Amino acid sequence: MSTPTVILVHGAFAESASWSGVISRLRTVDATVIAAANPLRDVDTDADIVRGIVDSVDGPVVLVGHSYGGQVISQVHDPKIAALVYVAAFAPEEGETIGELSGKFPGSTLGETLNQVVLPDGSTDLYIQPAKFHQQFAADISAAQAAIDAAAQRPLNDRALNGKSGAPSWKTVPSWFVFPDADYNIPVAAHRFMAERAGARATIEIGGASHALPVSQPAAVAEVILTAIEAVVG
């Protein structure tokens with residue numbers, strides 16, 4: 001099998017540049033990488049965007065999702081997809097929402113940190129309050145970097161938060177999970193539950209790391225992606 005294209009899908013309160021450190025490390029092995037712009041509007045729309053990117057490339061694909069991006073990649077079904085990598089990410093079952101999953105186990109403090117912006121179409125965009133972003137989302141990066149990331153964060157629409165998943169691709173595509181044990185968005189117990197339920201090929205838990213794993217632990221994240229690539233290439 002030819003070397004796959006890696007498609008990175010960011011989640012809520014982040015954007016494509018949050019993958020910069022991971023991309024730099026993947027580029028050292030000449031991997032072809034695309035950091036998708038995830039609209040964060042609703043599950044079906046966002047999955048369609050990623051599906052279009054998958055359709056546009058030749059050869060096998062490794063899909064990588066962070067946070068809500070994990071729900072998005074789980075909704076993309078294409079024979080090109082050879083592996084899924086979940087990075088501090090949701091991996092919902094059919095009919096589940098990410099809001100339900102984050103509340104399934106105790107430990108998430110996200111709800112109390114959010115600002116709401118009502119849009120003309122009646123939906124609501126959700127942002128993490130800038131003063132709370134560092135502790136809530138990215139406690140293991142510098143305060144200066146967290147302030148920049150807070151200003152650049154992209155909001156999650158409530159339709160995405162409450163959108164129910166369809167049949168997930170992780171039931172038929174091999175998956176790898178890497179997640180932190182100090183995640184205040186998704187409790188670590190939820191991460192462990194989702195990885196076990198998906199039958200992950202490997203589960204890597206990073207001590208002391210925050211939800212902002214692609215930013216704070218890019219080497220560890222890239223290593224898991226490279227492991228998935230090696231398994232695909234054989």
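In the predicted model, Glu93 touches Ser165, Gly166, Pro168, Trp170, Lys171 and Arg197, residues up to four places away in sequence not being counted; contact denotes heavy atoms within 4.5 Å. Glu93 is found in the loop between β4 (81-87) and α4, where helices (H or I, at least four residues) and strands (E, at least two) are DSSP runs numbered from the N terminus. Residues are numbered from 1 along each chain as its sequence is written, and side-chain values use heavy atoms, with hydrogens and water left out. As the model is predicted, local features need pLDDT of at least 70 and side-chain atom pairs count only at pLDDT 80 or more, whereas totals for chains, interfaces and linings use all residues.

Six strands form an open sheet with parallel pairing, in the order β2-β1-β3-β4-β8-β9; two strands are taken as paired if DSSP finds at least two bridges between them. Its edge strands, each pairing on one side only, are β2 (33-36) and β9 (202-206). Neighbouring strands of this sheet are turned against each other by 15 degrees on average, direction ignored. Axes are lines fitted to C-alpha atoms, for helices over the stretch in contact, and angles run from 0 to 180 degrees between N-to-C directions. Within the sheet, strand β1 (residues 5-9) is joined to the parallel strand β3 (residues 61-66) by five bridges, and Ile7 stands opposite Leu63 in β3. Helix α8 (residues 188-197) lies across β8 (175-180) and β9, and runs at about 170 degrees to β8.

An open sheet of three strands, in the order β5-β6-β7, has antiparallel pairing. Here β5 (114-118) and β7 (156-157) are the edge strands, each pairing on one side only. Five bridges join β5 to the antiparallel strand β6 (residues 124-128), and Asp125 in β6 is the bridge partner of Val117.

Helix α5 (residues 130-137) packs against helix α6 (residues 143-152) at an angle of about 120 degrees, the axes being 9 Å apart. The contact involves Pro130, Phe133 and His134 of α5 together with Ala143, Ala146, Asp149 and Ala150 of α6. By class, this contact of α5 with α6 comprises five nonpolar, one polar and one charged residues; Ala, Val, Leu, Ile, Met, Phe, Trp, Tyr, Cys and Pro count as nonpolar, Asp, Glu, Lys and Arg as charged, and the others, Gly among them, as polar.

Pockets were located on a 1 Å grid over the protein atoms alone, a pocket being an open set of points with protein on both sides within 12 Å along at least five of seven lines, and lining residues having an atom within 4 Å of a point. Grid points are joined across faces, edges and corners, and a volume is the space filled by probe spheres set on the points, the probe being 1.4 Å. The largest pocket has a volume of about 200 Å³. Of its 18 lining residues, Phe13, Phe90, Ser102, Leu110 and Leu161 lie nearest the centre. Helix α4 (residues 98-102) contributes the largest share of this lining, three residues. The lining of the largest pocket contains eleven nonpolar, seven polar and no charged residues.

The second largest pocket has a volume of about 170 Å³. It is lined by 16 residues, of which Glu15, Ala17, Ser18, Asp149 and Val215 are the closest to its centre. At least two residues of this lining are supplied by each of α1 (20-27), α5, α6 and α9 (213-216). The lining of the second largest pocket divides into nine nonpolar, five polar and two charged residues.
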